[in-house]
Amino acid sequence: MKKIINKRELFTFLMVLMIVYCMTFYNAALRTGLGYYLFLTAFKTMWFEVIAAYVVLKCIAIPVVGRVNLENESKVVKNIVRTGITVSIMAPIMTLIVVIFKNGFGWEIPIIWMKNVIFNFPFALCIQMFYIGPFLRKVMKI
């Protein structure tokens, strides 16, 4: 029986799905306050970002990370470096995409973008490095 999707592609898609859900929930909570309704709201509103994040990850972040020479490093160092580079690329780009998507183009975009990157980057790095990344690696045995 031929595999339809390989393990690495599934890992990548699940990583995007989980990160985007958490980031959508987090940003909604910052805007409106924390509430149980956000669990469903985040799920219903995240799909544009999931598609955008998957495209940005595959077209920009993964090729950049692939150029970093980590062959002599331990698995832990490899994961830390890959995570750091990926979040350093993805957080600013995805924040810009979402800011433009939600606000349109205007003179205020750079300020809104900078403010949101300041809030999003540390959260994205923490959930990726300490929670979602290790969870998915353990579950998928990668």
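These entries go from the overall fold to one helix pair and then to a pocket.

**Entry 1, the fold.** I noted before anything else that this is a predicted model. I then looked up the secondary structure and found 5 helices and 0 strands, which run from the N terminus as α-α-α-α-α. The radius of gyration is 16 Å, close to the 14 Å that the globule rule gives for 142 residues, so I wrote down that the protein is as compact as a globular protein of that length. I also noted that the C-alpha trace spans about 45 × 30 × 25 Å along its principal axes.

How do helix 3 and helix 4 cross? I found that helix 3 passes helix 4 in a right-handed crossing, and that their axes come within 9 Å and cross at roughly 145 degrees. Among the residues that make the contact are A53, V56 and I60 of helix 3, together with I89, M90 and I93 of helix 4.

I read off about 1200 Å³ of space for the largest pocket, which is lined by 44 residues, the closest to its centre being I19, A53, M90, A91 and M94. Which helix gives the largest share of the lining? It is helix 4, with 14 residues. The lining residues divide into 22 nonpolar, 14 polar and 8 charged.

Terms used:
Residues numbered from 1 in each chain as written. Predicted model: local features only at pLDDT ≥ 70, side-chain atom pairs only at ≥ 80, totals over all residues. Heavy atoms only, no water. 1 Å grid on protein atoms, 1.4 Å probe; cavity = no way out; pocket = protein on both sides within 12 Å on 5 of 7 lines; lining within 4 Å. Points joined across faces, edges and corners; volume = space filled by probe spheres on them. Helix = DSSP H or I, 4+ residues; strand = E, 2+ residues; numbered from the N terminus. Nonpolar A, V, L, I, M, F, W, Y, C, P; charged D, E, K, R; others polar. Axes fitted to C-alpha atoms, helices over the stretch in contact; angles between N-to-C directions. Left-handed = near helix turned anticlockwise from the far one by under 90°. Contact = heavy atoms within 4.5 Å. Rg over C-alpha atoms; globule rule 2.2 N^0.38 Å.
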